[in-house]
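The sequence and the structure come before the text.

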Amino acid sequence: MNNITLLIRDSIKYVARKIEQIQYRLLNVKRSSGTSIALDARLDIGRKLSLKKQPAFQNLIMERTARIESNAVINTYHGDVVMKENSRIGIGSIVIGPVT
């Protein structure tokens, strides 16, 4: 493959990933007032791309004033992630559910 084809492929993957992240933030995160998620935090809360039958979405629940900082990765493939009141996930952290 030449460089132009690879650039186009990478651009399409980038746009698809951003659309997926927006969908997760709007539809799949249960949030209370005062919560914040950094724009560059990665939320892996959907289903894996696989042909195998998978369980329903796991939950990311954020109670009042919970915060996810920049470059954090939240993965709920294996279980729920529940952030209690005033909790923080710091810069560059990786959280793999189930976590309370």
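## Confidence and conventions

In the protein chain of this predicted model, confidence is lowest in E3, at a mean of 89, and highest in strand E5 (residues 67-68), at 96. The score is pLDDT, the predictor's confidence in each residue on a scale from 0 to 100. Over the protein chain the mean pLDDT is 87, and 89% of the residues reach 70 or more. Where pLDDT is low, the predicted coordinates should not be read in detail.

Because the model is predicted, local features need pLDDT of at least 70 and side-chain atom pairs count only at pLDDT 80 or more, while totals for chains, interfaces and linings use all residues. Residues are numbered from 1 along each chain as its sequence is written, and side-chain values use heavy atoms, with hydrogens and water left out. Helices (H or I, at least four residues) and strands (E, at least two) are DSSP runs, numbered from the N terminus.

## Helix H1

H1 has 26 residues and reaches 36 Å from its first C-alpha to its last. This is close to the 38 Å expected at 1.5 Å a residue, where the expected span is 1.5 Å times one less than the number of residues. Gln21, Tyr24, Arg25 and Asn28 are the buried residues of H1; buried means under 20% relative accessible area, exposed over 50%, and partly exposed in between (1.4 Å probe, protein chains only). An α-helix has 3.6 residues a turn, so residues three or four places apart point the same way. The buried residues of H1 pack against strand E1 (29-31), strand E2 (36-37), E3 and E4.

Gln21 belongs to helix H1 (residues 3-28). Gln21 counts as buried because its relative accessibility is 7%. Leaving aside residues up to four places away in sequence, Gln21 touches Ala41, Arg42, Leu43 and Asp44, with contact meaning heavy atoms within 4.5 Å.

## The parallel sheet

Three strands form an open sheet in the order E3-E6-E9, with parallel pairing. Strand E3 (42-44) and strand E9 (94-96) are its edge strands, each pairing on one side only. Neighbouring strands are turned by 5 degrees against each other on average, direction ignored; the axes are lines fitted to C-alpha atoms, for helices over the stretch in contact, and angles run from 0 to 180 degrees between N-to-C directions.

E3 pairs with strand E6 (residues 73-75) in the parallel sense over 3 bridges; two strands pair if DSSP finds at least two bridges between them. Asp44 stands opposite Asn75 in E6.

## The nonpolar core

The largest nonpolar core has 17 residues, of which Leu43, Leu60, Met62, Ile68 and Ile74 touch the most other members. Strand E4 (60-62) and strand E7 (81-83) are the elements that give two or more residues to this core. Such a core is a set of buried Ala, Val, Leu, Ile, Met, Phe, Trp, Tyr and Cys residues joined through side-chain atoms within 4.5 Å.

Not counting residues up to four places away in sequence, the contacts of Met62 include Val29, Ile37, Ile68 and Met83, and also Lys30, Arg31 and Arg67.

## Backbone exceptions

Most residues other than glycine have a negative phi, and most peptide bonds are trans. Asn71, in the loop between E5 and E6, has a positive phi near 60 degrees. Asn71 counts as partly exposed because its relative accessibility is 48%.

Asn86 lies in the loop between E7 and strand E8 (88-89), and its phi is positive, near 65 degrees. At 47% relative accessibility, Asn86 counts as partly exposed. Gly97 and Pro98 are joined by a cis peptide bond with omega about 5 degrees, and Pro98 is in the segment after E9.
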